[in-house]
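Please look over the sequence and the structure shown below before reading on.

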Amino acid sequence: MSAAILKGAFFTAQIVSYNSAKMRLTRLSSTKAQNIPISNLQKPGKESCDASPPVKIRTYARKKKSEKAVVNISAEEVNAEEVRKQKLDSLPDIEDFAYGKTSGPFNSTQAPENWVKVLEGIRKMRSSEDAPVDLVGCEKAGISLPPKERRFAVLASSLLSSQTKDHVNHGAVQRLLQNGLLTPDAIDKAEEAVIKDLIYPVGFYTRKASNLKKIAKICLQEYDGDIPSTLEELLLLPGIGPKMAHLIMNVGWENVQGICVDTHVHRICNRLGWVSRPGRMKNTSTPEQTREALQLWLPKEEWVAINPLLVGFGQTICTPLRPRCRICSVNDICPSAFKEASSPSSTPKKSRKK
């Protein structure tokens with residue numbers, strides 16, 4: 001074969017290589033993705049005959065899938081969709097989360113060691129002096145009123161108690177009572193601004209005045225002026241959470257369905273090591289988790305008494321900041337005794353000036 005024919009064949013191969021590379025770049029829509037500028041591709045010519053072989057370009061064209069593969073994927077997608085729908089159908093109602101029904105089992109249902117001794121020690125300490133909860137707690141609201149009116153008074157007091165000290169809350173309830181505004185009918189007819197002024201300075205008094213009006217209307221329209229008699233219905237009222245609902249059931253209806261756990265009970269149970277989170281040896285992070293854990297082992301006859309007992313203990317000795325461990329009679333068996341550092345605010349002003 002002559003040299004001219006060989007040269008011509010090589011020249012033709014160069015043109016095919018160039019056109020093929022150009023078509024690939026067009027399909028990829030971006031030369032940047034390949035990191036190869038178009039200028040680097042040599043056009044066929046005399047100089048290209050003597051140059052090194054053209055740069056090899058990687059392409060990412062997808063391979064065509066067989067009909068069998070498509071059918072299999074489609075079937076898998078259908079199955080996945082069915083599984084997803086089943087999971088959605090099995091999701092709990094929002095109220096279930098409020099009761100903590102779906103959180104799973106805790107570490108143990110066994111009562112903690114020395115809990116009886118600790119409880120007796122706390123009872124003795126509490127008997128020596130009254131705490132605010134003993135005198136002006138929510139349980140004392142409307143205590144001299146007839147049963148139906150008292151139930152609403154306890155509900156109203158529970159609603160106002162959130163983020164509010166007992167004596168402040170008690171004062172608000174007393175002002176409502178003195179002005180004849182502690183019944184659903186009276187509150188429904190009263191101006192919201194009047195209620196707001198009477199309950200001030202409870203925490204979030206504006207929102208609570210609005211919720212009190214809404215609750216009064218619900219009680220009138222759906223319960224003939226009384227309050228709901230089930231935990232589920234109480235939790236549907238605006239501003240009423242699990243802690244309040246259990247207290248209302250216990251005091252208003254004398255129906256014990258759970259422990260009333262507020263911030264004091266939550267804090268003290270964790271300090272004593274009485275509760276832990278599901279599947280972990282760690283403190284509970286919410287009052288609802290504490291309630292769940294406590295109800296697993298605490299005898300039911302203690303469910304009502306435990307709230308005022310620990311609340312008063314938390315108000316007088318096992319306080320949120322600077323707990324008075326030195327005067328606590330159970331400090332020898334409390335795992336948290338003397339471990340919490342004092343707040344900087346406890347330092348006398350004179351020592352801070354030095």
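The paragraphs below go from the whole chain to its helices, then to its pocket and cavities, and lastly to its loops.

The model is a predicted one. Its protein chain has 17 helices and zero strands. Of the 354 residues in the chain, 38% are buried. How much of the contact in the chain links residues 24 or more positions apart? Among contacts with a separation of 6 or more, such pairs account for 62%.

The packing of helices may be taken up with one pair. Two packed helices are described by the angle between their axes and the distance between the axes. Helix α5, which covers residues 115-127, packs with α16 at an angle of about 65 degrees, and the two axes lie 10 Å apart. The crossing in which α5 passes α16 is left-handed. On the side of α5, the residues that take part in the contact are L119, I122, R123, M125 and R126. They meet I306, P308, L309, L310, G312 and F313 of α16. Sorted by class, this contact of α5 with α16 has eight nonpolar residues, one polar residue and two charged residues.

Is α14 mostly covered or mostly uncovered? Helix α14 is mostly covered, for eight of its nine residues are buried. The buried residues of α14 are H264, V265, H266, R267, I268, C269, N270 and R271. These buried residues pack against α15 and α16.

A293 has its place in helix α15. Why does A293 count as buried? Its relative accessible area is 5%, and buried means under 20%, so A293 is placed in that group. In sequence A293 and C269 are 24 residues apart, and in space their C-alpha atoms are 9.8 Å apart.

The largest pocket holds about 780 Å³ of space. It has a lining of 29 residues, and those nearest the centre of the pocket are S161, T164, D262, T263 and H264. Which helices supply at least two residues each to the lining of the largest pocket? They are α6 (132-136), α8 (166-178), α13 (242-252), α14 (263-271), α15 (287-295) and α16 (306-316). Helix α13 gives the most to this lining, with four residues. By class, the lining of the largest pocket has 10 nonpolar, 11 polar and eight charged residues.

The cavities come next. The structure has two cavities of 30 Å³ or more. The largest cavity has a volume of about 140 Å³ and is lined by 15 residues. Nearest its centre lie R271, C318, C325, C328 and C334. The lining of the largest cavity has 10 nonpolar, two polar and three charged residues.

The second largest cavity contains about 40 Å³ of space. Its lining is made by V136, G137, C138, K140, A141, S157, H170, V173 and Q174. Helix α8 gives the most to the lining of this cavity, with three residues. By class, the lining of the second largest cavity has four nonpolar residues, four polar residues and one charged residue.

Some features of the backbone remain. Most residues other than glycine have a negative phi, and most peptide bonds are trans. Where is P201 found? P201 is in the loop between α10 (192-199) and α11 (205-223). The peptide bond from Y200 to P201 is cis, with omega near 15 degrees. F204 also lies in the loop between α10 and α11, and its phi is positive, near 55 degrees.

The loop that lies between α11 and α12 (231-235) holds D224. Phi of D224 is near 55 degrees, a positive value in a residue other than glycine. Is D224 buried or exposed? D224 has a relative accessibility of 65%, and exposed means over 50%, so D224 counts as exposed.

Methods:
Residues numbered from 1 in each chain as written. Predicted model: local features only at pLDDT ≥ 70, side-chain atom pairs only at ≥ 80, totals over all residues. Heavy atoms only, no water. 1 Å grid on protein atoms, 1.4 Å probe; cavity = no way out; pocket = protein on both sides within 12 Å on 5 of 7 lines; lining within 4 Å. Points joined across faces, edges and corners; volume = space filled by probe spheres on them. Nonpolar A, V, L, I, M, F, W, Y, C, P; charged D, E, K, R; others polar. Axes fitted to C-alpha atoms, helices over the stretch in contact; angles between N-to-C directions. Left-handed = near helix turned anticlockwise from the far one by under 90°. Contact = heavy atoms within 4.5 Å. Buried < 20%, exposed > 50% of the residue type's maximum accessible area, 1.4 Å probe, protein only.
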